Amino acid sequence: MVKCPFCNYEGEFKLLKQWKFRFYDVKMFQCLKCNRVFNYYYGVSPRTGKVSEFTIKVKPRGSR
């Protein structure tokens, strides 16, 4: 189950984008509760066979 790293909400998220990075499937989600954006990485290591999943917070891009 995916959890928002900002507000710990577990549930439905808005999928903004998805792509492959090495052996990971990466999905960029927007939390429907706090409206912040994060990346969710999920993959199985080809060398060890272990499942790896984690989230990375995406910083908002502001105008300069």
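1. The sulfur of C31 lies 3.7 Å from the closest cysteine sulfur, that of C7, so it is too far away for a bond. A disulfide here is a pair of cysteine sulfur atoms within 2.5 Å. C34 is in no disulfide either; its nearest cysteine sulfur, in C31, is 3.7 Å away. Searching the whole structure gives 0 disulfides.

2. A word on the source. This is a predicted model: local features need pLDDT of at least 70, side-chain atom pairs count only at pLDDT 80 or more, and totals for chains, interfaces and linings use all residues. Residues are numbered from 1 along each chain as its sequence is written, and side-chain values use heavy atoms, leaving out hydrogens and water.

3. Is C31 buried or exposed? C31 is buried, at 0% relative accessibility. C34 is partly exposed, at 26%. Buried means under 20% relative accessible area, exposed over 50%, partly exposed in between (1.4 Å probe, protein chains only).

4. C31 also belongs to the largest nonpolar core, with V2, C4, F13, F29, F38 and Y40. Strands β2 (24-31) and β3 (37-44) each supply at least two residues of this core. Such a core is a set of buried Ala, Val, Leu, Ile, Met, Phe, Trp, Tyr and Cys residues joined through side-chain atoms within 4.5 Å.

5. Strands are DSSP E runs of at least two residues, numbered from the N terminus. They pair if DSSP finds at least two bridges between them. β2 and β3 run antiparallel, joined by 7 bridges. F29 has F38 as its bridge partner in β3.

6. β3 is mostly covered, with 6 of its 8 residues buried. β3 also joins β4 (residues 51-57) through 7 bridges, again antiparallel.

Notes:
Helices (H or I, at least four residues) and strands (E, at least two) are DSSP runs, numbered from the N terminus.
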